Amino acid sequence: MDIPHYFRPKTAPVAHPDAVITFATMRITVLTERLLRLEYAADGQFEDRTSQVVWYRQQPVPTYRTNQDGDQFELETGALVLKLDVGSEFSAETLTITVKATGTEWHFGDRPTGNLLGTTRTLDQVSGATRLEDGLISRDGWAVIDDSATLLFNDDGWLELRKNNDALDYYFIGYGFDYQACLNDYFKIAGRVPPIPRYILGNWWSRYWAYTAQELLDLMDDFRDHDVPLSVCIVDMDWHLTAVAPYNGWTGYTWNRDLFPDPPAFLAALHERGLRTALNLHPALGVRPYEAMYTQMAERLGLDPATGETIAFDLADPQFARAYFELLHHPQEAHGVDFWWIDWQQGELSGLPGLDPLWWLNHLHYYDLARNGATRPFVFSRWGGLGNHRYPIGFSGDTWVNWESLAFQPYFTATAANVGYGWWSHDIGGHMFGVEDPELYARWVQFGVFSPILRLHSTNNPFHERRPWGFDAETLRVTRHALQLRHQLIPYLYTLAWHYHRSGVAPLRPMYHDYPTAEQAYHCPWQYTFGEQIIAAPFIEPAAPDTRLTRQVVWLPAGDWYHFESGEYYNGGRWHVVYGKLGDMPVFARAGAILPLNAATGWGSVDNPDAFEIRVYAGADSQFTLVEDDGVHVIDTICTTQMVQNWQDNELTFTIGAATGDTNQIPAQRDYIIRFFGLSEADVHVTVDGMPLAVGSDYDPVCEQLTVAVYEVSVSAELVIHLQTHWSTLLSHRNRFAERAWAMLDTFHLPSFTKLAISTRLDEISADAHVLAGYKTALTPSQMRALVEVTHGIGVHHVQNMGTPDLVILWNSAEDQQFTIQSAAQDSPRIVQLFEADKPQGDWQLTVNYCGLTTVTLGST
């Protein structure tokens with residue numbers, strides 16, 4: 001086969017001989033102490049080639065022991081005990097594996113009952129939730145990968161069928177509650193998540209719209225003029241000819257010169273604005289005779305161009321694949337196309353039985369873009385199944401514009417980490433149908449800030465709006481702040497991306513990854529960790545008309561937590577109800593968190609900063625190692641800067657170490673604005689390489705925030721900031737109930753005199769919720785509920801339409817407050833609560849009485 005060398009992945013598919021135990025019809029390979037390969041072949045012919053999923057069976061040999069008595073074979077590692085009847089076929093009776101951490105015994109053929117799911121191919125046409133495929137993470141503590149039917153790579157780097165279709169090829173991972181260990185073992189055999197270009201972490205613009213080149217450039221200038229930063233501008237399918245009768249115009253490779261008279265100049269103009277760009281592809285319909293490169297394609301493939309017949313798309317054919325890239329794509333890349341949006345929607349069949357075109361498109365496009373060996377490749381495409389973590393990033397498809405779709409996406413995005421797929425990109429704002437709503441748009445953008453990729457997009461309906469200034473002044477203010485914050489977060493995000501590549505920890509993960517033994521972690525699907533230092537629980541419901549606030553529930557694990565922006569203290573180990581106005585985002589940082597943000601917020605804020613805003617949340621020892629490089633090229637050297645918080649009761653020392661590694665990648669000097677949250681006023685002492693330095697500082701007692709500014713610090717120097725007080729503690733965890741309650745009252749749709757009357761009794765209400773009984777006729781049920789929940793730490797939350805079973809969460813953090821629960825019918829939801837109560841049965845209705853002040857009724861309809 002005449003296949004380019006760069007299409008051949010570098011793999012290590014043959015296991016070390018010392019890790020392999022072979023019998024007449026069976027073979028066991030010990031890949032790690034938790035991961036075993038289990039093969040059965042009646043003819044004794046086993047497979048050592050690279051499969052679509054498994055590329056690296058050559059692993060360090062773990063310690064294990066074996067014992068055999070006749071046909072009874074036993075193998076034990078540090079984590080597993082396998083028992084096998086080698087004289088039989090694989091069955092539930094002949095093959096078992098015990099996971100030592102839990103004592104769970106797996107029998108061949110068992111399916112996990114507690115699978116926590118993974119992801120799905122696409123969200124196309126989805127309104128709300130959809131079913132997800134099984135993942136690798138399960139509360140059963142084990143996973144099985146059936147690799148028996150996948151295709152295999154031959155020596156030329158091309159896929160082909162297996163020779164023995166009856167052979168069995170399984171991988172068993174037994175991990176107990178160590179979910180990250182499961183993923184790490186999977187990455188060992190399937191390959192690591194590759195490093196990504198830095199620029200993809202900024203804000204993207206995309207719209208299915210027939211822009212002219214000048215209109216699109218003017219739009220980019222509008223973003224800049226509105227101080228809304230972007231890093232990527234995608235050109236949807238109207239870049240190419242779409243109206244050539246009698247052909248369907250979805251597939252195309254020839255620029256529409258009416259819209260783009262000079263494509264290289266247009267692409268250069270985007271680059272001059274600091275933007276990267278991609279073109280949309282729908283390759284399924286092949287190459288039609290009106291395409292500019294039709295004659296070249298036909299001649300390359302040995303076809304007669306005079307026939308005018310469409311050249312069928314057949315990526316399984318190596319000759320077609322090579323021409324597809326060399327003639328249709330490489331010339332566009334030479335003119336300035338940075339990457340490709342592969343918009344494959346045409347099913348799972350190809351010219352090679354068992355080959356899903358989407359999987360193969362992702363693989364070949366990734367390796368084709370990597371052909372120069374210099375720049376980091378990536379594709380923008382749908383999920384093609386296990387192994388696709390090697391080809392970031394994901395395009396989740398065309399969702400409906402509604403609150404249900406927004407509500408599903410945090411859960412969907414985090415859960416994809418269960419198959420190692422951490423780089424989903426959604427149509428922020430939704431794609432089509434539904435009702436445009438500025439509040440929904442703002443909340444979607446806020447979720448996008450704390451998601452892997454933030455890409456504004458919609459279909460070609462003129463009544464769909466994705467420009468932040470296209471709604472009203474308040475929506476512009478809120479979304480501009482969010483989109484600027486996204487660019488500020490790039491140094492933090494890029495470090496997370498690098499650690500994802502090196503250690504397998506996804507930037508965005510379900511709560512149970514870090515808290516696998518906490519039952520609450522399995523019952524908050526709307527929230528997730530964003531790195532190890534942040535928990536995000538985006539607002540995903542509209543504001544109530546009477547409170548004019550939106551509501552969210554968040555579970556904070558044990559420990560001390562702070563609101564990401566306000567610095568307000570929250571105690572962990574419990575549920576909290578959070579109410580917010582349009583500009584509020586429920587994001588929390590753990591005590592000890594160190595968050596390096598770019599101090600710049602505007603256009604061009606993607607590169608390694610020359611000025612940082614560093615947020616330090618007091619109360620615990622911690623460190624954060626910032627990772628930087630040039631963000632684009634395939635290089636072995638990086639630059640790291642370690643930031644350390646050393647905490648004692650009445651003093652805090654924050655150190656920014658000298659940069660190490662390739663410091664040519666970063667500015668020689670930097671400015672630092674360090675914001676310390678959760679502190680009382682303190683004496684400030686600053687040294688640079690041990691020499692005292694006089695600096696300015698400012699303390700805000702309302703926000704409990706101390707700000708220290710240090711300018712023009714050499715990156716080769718060590719900066720130390722020492723804060724100390726003469727009091728017993730430096731911490732300040734002021735009770736902000738009064739401010740929160742006042743702000744809620746101010747927002748309520750409520751007579752001003754009633755607001756004033758309640759505001760004068762806030763201290764009494766904080767001590768005894770029944771003080772609100774005097775206002776039962778003045779307050780609506782939602783207003784009463786909000787005040788009781790926030791002041792007294794009780795609440796109820798109904799989890800529904802998340803793609804998971806219905807769930808009712810009840811909590812009561814004050815012993816003197818009680819619920820009255822009434823229910824009826826059958827088929828109960830699952831109830832998680834911190835006190836005893838009757839559970840509803842059947843079609844259900846649950847009425848919760850808040851301290852005799854108001855009731856909330858939930859139900860199955």
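**A salt bridge and its setting**

Analyst: Arginine 509 counts as buried, because its relative accessibility is 4% and the cut-off for burial is under 20%. The model is a predicted one. The partner of arginine 509 is aspartate 514, and the closest N and O atoms of this salt bridge are 2.4 Å apart. Aspartate 514 counts as partly exposed, at 29% relative accessibility.

The position of arginine 509 in the fold comes next. Strand E20 covers residues 508-509, and E20 belongs to an open sheet of 6 strands in the order E20-E21-E22-E27-E24-E25, with antiparallel pairing. Strand E20 stands at one edge of this sheet and strand E25 (569-571) at the other; each has a single partner strand, so one side of each is left without a neighbour in the sheet. Further along the order, strand E21 (residues 528-530) pairs with strand E22 (residues 534-536) in the antiparallel sense over 2 bridges. Within that pairing, isoleucine 535 in E22 stands opposite threonine 529.

One is formed by arginine 477 and glutamate 474, with 2.7 Å between the closest N and O atoms. Both residues lie in helix H10 (residues 473-488), 3 residues apart, which is about one turn of the helix. An α-helix has 3.6 residues a turn, so residues three or four places apart point the same way. Arginine 477 is partly exposed at 45% relative accessibility, and glutamate 474 is also partly exposed, at 36%.

The other comparison is the pair of aspartate 147 and arginine 162, whose side chains meet in a salt bridge with an N to O distance of 3.6 Å. This pair links distant parts of the chain, 15 residues apart: aspartate 147 sits in the loop between strand E9 (142-146) and strand E10 (152-153), while arginine 162 sits in the loop between strand E11 (159-160) and strand E12 (168-174). Aspartate 147 is buried, with a relative accessible area of 0%. Arginine 162 counts as buried as well, at 12% relative accessibility. Both residues are part of a network of salt bridges that links Arg27, Arg37, Glu39, Asp48, Asp147, Arg162 and Asp169. In the whole model the count comes to 43 salt bridges.

Burial can also be followed along helices. In helix H13 (residues 737-747), the buried residues are Phe737, Ala741, Met744, Leu745 and Thr747. Seen down the axis of H13, these residues fall within an arc of 165°, so they line one face of the helix. Trp742 and Asp746 are exposed on the other side of H13. The cover over the buried residues of H13 includes strand E26 (574-580), helix H14 (752-759), helix H15 (762-767) and helix H16 (781-792).

Helix H2 (residues 213-225) has 13 residues, which at 1.5 Å a residue should span 18 Å; the end C-alpha atoms are 18 Å apart, in agreement. Its buried residues include Ala213, Leu216, Leu217 and Phe223. Among the elements that cover the buried residues of H2 are strand E13 (203-205), strand E14 (232-235), helix H3 (263-272) and strand E19 (453-456). Just after H2, aspartate 227 takes a positive phi of about 60°.

Leaving aside residues up to four places away in sequence, leucine 95 touches Leu38, Leu82, Lys83, Leu84, Phe90, Trp106, His107 and Phe108.

These parts belong to a protein with 16 helices and 45 strands. Its radius of gyration is 29 Å, close to the 29 Å that the globule rule gives for 861 residues, so the protein is as compact as a globular protein of that length. The C-alpha trace spans about 85 × 75 × 65 Å along its principal axes. Buried residues make up 61% of the 861 residues. Of the contacts with a separation of 6 or more, 69% are between residues 24 or more positions apart.

Notes:
Residues are numbered from 1 along each chain as its sequence is written. This is a predicted model: local features need pLDDT of at least 70, side-chain atom pairs count only at pLDDT 80 or more; totals for chains, interfaces and linings use all residues. Side-chain values use heavy atoms; hydrogens and water are left out. A salt bridge is a side-chain nitrogen of Lys or Arg within 4 Å of a carboxyl oxygen of Asp or Glu. Helices (H or I, at least four residues) and strands (E, at least two) are DSSP runs, numbered from the N terminus. Buried means under 20% relative accessible area, exposed over 50%, partly exposed in between (1.4 Å probe, protein chains only). Two strands pair if DSSP finds at least two bridges between them. The expected span of a helix is 1.5 Å times one less than its number of residues. Contact means heavy atoms within 4.5 Å. The arc is that of the directions from the helix axis to the C-beta atoms. The radius of gyration is taken over C-alpha atoms; the globule rule is 2.2 Å times the number of residues to the power 0.38.
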